[in-house]
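Visitor: I would like to learn how to read the features of a model like this one. Please give the general idea each time, and then the case at hand.

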Amino acid sequence: MRREAFSVSGAPFISSRQTVRSISFTIVVTLVPVVLWSMFLFGPTTLAVIGTAVASAVAVEFAVGLARGGSTIHDGTAVLTGLFVGLGMPPGVPLFIPALATAFAIGIVKCCFGGLGSNWMNPALAGIAFAHANWPASMTAWVMPRLITGVEGISGATPLGFVRTAAGPGGVSAMNALKAGGYSGSALSRAATGFLNANFFDRLGARLPDGYMDLLLGIRPGCIGETAIIALLAGSVLLLVVKIIRWQIPATALLVFAALIRFFGDTGSSPFEGDVLFAISSGSVVLVLFYMATDPVTSPVSRRASIVYAAGIGALMFLFRRFGLYSEGTAFAVLIANCLVPVLEEVLPVRSRTRGTK
Amino acid sequence: MNTIASFRSGGIELVQAGEPDLAPTKNAFLPAIAIVALKQHAGQAARCIVADGDTVKEGQVVGRPQGPGSSSVHSPVPGIVRGRATVSLPGGERSEALVISMEGSFERLGRRIERFPWRTLSKGDLLRLLEDKGAISNLPEGIPLSEKIDAAVKTGRLDALVLNAIETEPWLCSERRILADRIADLAEGLDILSKLLSPARIIVAGAQEDLRKAAATTGSLPREYSPVIEFVPCAKRYPQELPNQVIEALFRKREQAPRVFMISPSTTLEAFESVVFNRPVIERYITVAGESVMNPSILKARVGTPIGDLFEECGGFRGAPGTIIMNGPLRGSSVIDLDVPVMKTTSAILALAGRPERRSRYRCMRCGRCIEACPESLDPASLWKAAERIPGNEAQTHLADCTLCGVCAYICPSRLPLTEVFAAARRARKTGASR
Ligand code: SF4
Ligand code: SF4
């Protein structure tokens, strides 16, 4: 008789390829171009900021794992949270800020509420908000990309901040305000715009105005991760294709946000003159909607509830942008929506036969 | 035959990895030593009626049923009863088994067998034949066919007799093979069943390409053997073969569900052979496959053959296998060693390269994938939470609706052993209820 013994467990014996770990890893990979682009724009300081945040995240997660007995590093979510916090920082920020913000994100928001799966607030966004609340000056000390100034570390206002201070309630369109105020576009952008106009838009009888290319390419001051909109969009498409994120949340939020901007006007513009493209490309809207609002842990499980959740985020983003005092309203919009998730799940529960067994 | 029927919600698309290349079915070598478990069915183990040292003939009754859910067990080979052994059944239970060494002459093998003129038999006689020959329905696992028919007849008129030849689990192929090889016998088997059950319709559900061939063959059968059979092609999305999903596909509704008697090709074949050839169930079509098997094939193997023999016959292993599974990779059970014998409910043995994943390292992150994929529209994440918190509590009443299809555990990115926990909770509830 044969004596080989095989390990026995319950069915099923095969499983889908996606695991928490592979999902985290894939998201990190989609963000690599964003990081590289930001390094190109702002120099190696961005890498220091991101590196600090990731290292801090891993260290805190490890410490909590030790204290609790049972490491959770391997799922890769700590790395991801650190990366997100790093991306939400301005390029030249003092390094203690990303370190502390991430420690707060992981140590308090994630782990104190029971670890991955139980936290009801997106840890990365909470970390970013924490930094904004504690060090507002450092968190809004924006610098111009090297591409415009030729040197590192020249401070500048974000396009949004610029429009807010320069235009006032004057009723000029955001882009015109930028230009009238002498917000210099980059040579690269002018070249790219010219190329697109000559080869593409002209044939369609349209023209892409100067300036948007800068915004899409991130050649403007802003936090590290929000700058490379094109890279972010590419990454988001990839995540949508491999079904790591669902399209419903970003689509709904974008739609609501765009519609509100269109009808009620952006900051510094009058109603019905809102510049949607400017609104979407000039802040952290894309990063936050595709990468953070879609976090499975802090978004509703029920599909119906997630639509309301996303619409809420879109509306809050608009409110913060139109009337808010700070430009980083996107993080707060998602955090507030996170807090409403339990209520939404209660009102619009998952449609299943298991109802009432919670 | 052009629209493909499917179930409504949930399910997963599986890659049919390494499906046997459909080389012709081979007869496996007869086992030198057969290990015949006395419990090969849902109910109590059969009562052994032979003693050590007895000489038994091929197909001789060695165990008699004891109580409901129990069935006769026959010797698969002529030989001598050498003693008893304990075998671990797939799923963890243990059973006493007879060890029979093959010896002496075969009375059936290689001879022309008379066809029994069964049409003159009464329903009672037919049922008794099915019972005596130990036919077991593997849908659901392990109920004696005669009992299942009896229960169906008692509850009234049947809307349909459904031959369920759908197989969507990776590697599995035996039922589809039987449909391809034995359609004429299956048609006669269905004839026997419809005499017992008097269904309004007879439906064959399967993959489109399988049904095309089968329909062509049944069309040319002599009229007397072929009842009117409808062919309904069904989707290949897992778990299309489960009874609820078949009913959804065929009738589009579950509420006031039509009364259906569902049977697999292998069981239909058992009915056919029991009645027409007076042959007990001592042989099964076994798919031998998996990444670690050298030459995956479909074998006709005697019940009681140690599965190690079958793997050897298929060229042995390619590297050391990590997991050995009886039946499918989603609903089957892992076995502890290669001495486990082929049972009357076995249709596949698989050798997979990987060890079972250590599960439960992560926590549920409420991603909702399991909810979307559950074909029974349950919320596995909530069931899991309930099971985790208070094992065996009231919230698990919904577990009764869970078919243990394995879809939720398959899809879960946190790799939670959802189905395993549900199965354990169900067992706990059952034993609790019977106390
Ligand atoms: S095992 Fe049960 S809970 Fe999980 S998907 Fe299948 S039916 Fe749903
Ligand atoms: S698939 Fe797994 S992690 Fe996702 S909700 Fe279901 S149980 Fe939780």
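This is a predicted model: local features need pLDDT of at least 70, side-chain atom pairs count only at pLDDT 80 or more; totals for chains, interfaces and linings use all residues.

Visitor: Which residues come nearest to ligand 1?

Guide: A residue is near a molecule or strand if one of its heavy atoms lies within 4 Å of it. Ligand 1 has 14 residues around it, and those that come nearest are Cys374(B), Cys402(B), Cys405(B), Gly406(B) and Cys408(B). Helices (H or I, at least four residues) and strands (E, at least two) are DSSP runs, numbered from the N terminus. Helix 11 (407-411) and helix 12 (418-434) of chain B each supply at least two residues of this shell.

Visitor: Are Cys374(B) and Cys402(B) buried or exposed?

Guide: Buried means under 20% relative accessible area, exposed over 50%, and partly exposed in between (1.4 Å probe, protein chains only). Cys374(B) counts as buried at 9%, and Cys402(B) is buried at 11%. By contrast, Ala400(B) is exposed, with 53%. Ala400(B) is found in the loop between helix 10 (380-389) and helix 11 of chain B. The C-alpha atoms of Ala400(B) and Arg426(B) are separated by 7.5 Å, though the two are 26 residues apart along the chain.

Visitor: How do the residues of the two ligand shells divide?

Guide: Ala, Val, Leu, Ile, Met, Phe, Trp, Tyr, Cys and Pro count as nonpolar, Asp, Glu, Lys and Arg as charged, and the others, Gly among them, as polar. The shell around ligand 1 has ten nonpolar, three polar and one charged. Around ligand 2 there are nine nonpolar, two polar and one charged. The residues around ligand 2 include Cys364(B), Cys367(B), Cys370(B) and Cys412(B), as well as Arg366(B).

Visitor: What is the strand order in the open sheet of six strands?

Guide: Two strands pair if DSSP finds at least two bridges between them. In chain B the order is 1-16-15-19-17-18, with mixed pairing. Strand 1 (26-27) and strand 18 (333-334) of chain B are at the edges with a single partner strand each, so one side of each has no neighbour in the sheet. Helix 3 (residues 174-181) of chain B packs on the sheet, where it touches strand 15 (283-289) and strand 16 (297-302) of chain B. Contact means heavy atoms within 4.5 Å. The direction of helix 3 makes about 125° with that of strand 15 of chain B; axes are lines fitted to C-alpha atoms, for helices over the stretch in contact, and angles run from 0 to 180 degrees between N-to-C directions.

Visitor: How many of the eight residues of helix 3 of chain B are buried?

Guide: Six of the eight are buried, so helix 3 of chain B is largely enclosed by the rest of the structure. Among the buried residues are Glu175(B), Arg176(B) and Arg177(B).

Visitor: Which way do the residues of strand 17 of chain B point?

Guide: Thr323(B) and Ile325(B) point one way, Ile324(B) and Met326(B) the other way, and all are buried. Strand 17 (residues 323-326) runs antiparallel to strand 19 (residues 348-352) of chain B, joined by four bridges. Ile324(B) has Ala351(B) as its bridge partner, and Ile325(B) stands opposite Leu350(B). Two bridges join strand 17 to strand 18 of chain B, also antiparallel, and there Met326(B) is partnered by Ser333(B). Six residues lie between the strands of this hairpin, in which Asn327(B) takes a positive phi near 70°.

Visitor: Where is the cis peptide bond, from Tyr238(B) to Pro239(B), placed?

Guide: That bond has omega near 0°. Pro239(B) lies in the loop between strand 13 (230-233) and helix 6 (243-251) of chain B.

Terms used. Residues are numbered from 1 along each chain as its sequence is written. Chains are lettered from A and ligands numbered from 1 in the order in which they are written. Side-chain values use heavy atoms; hydrogens and water are left out.
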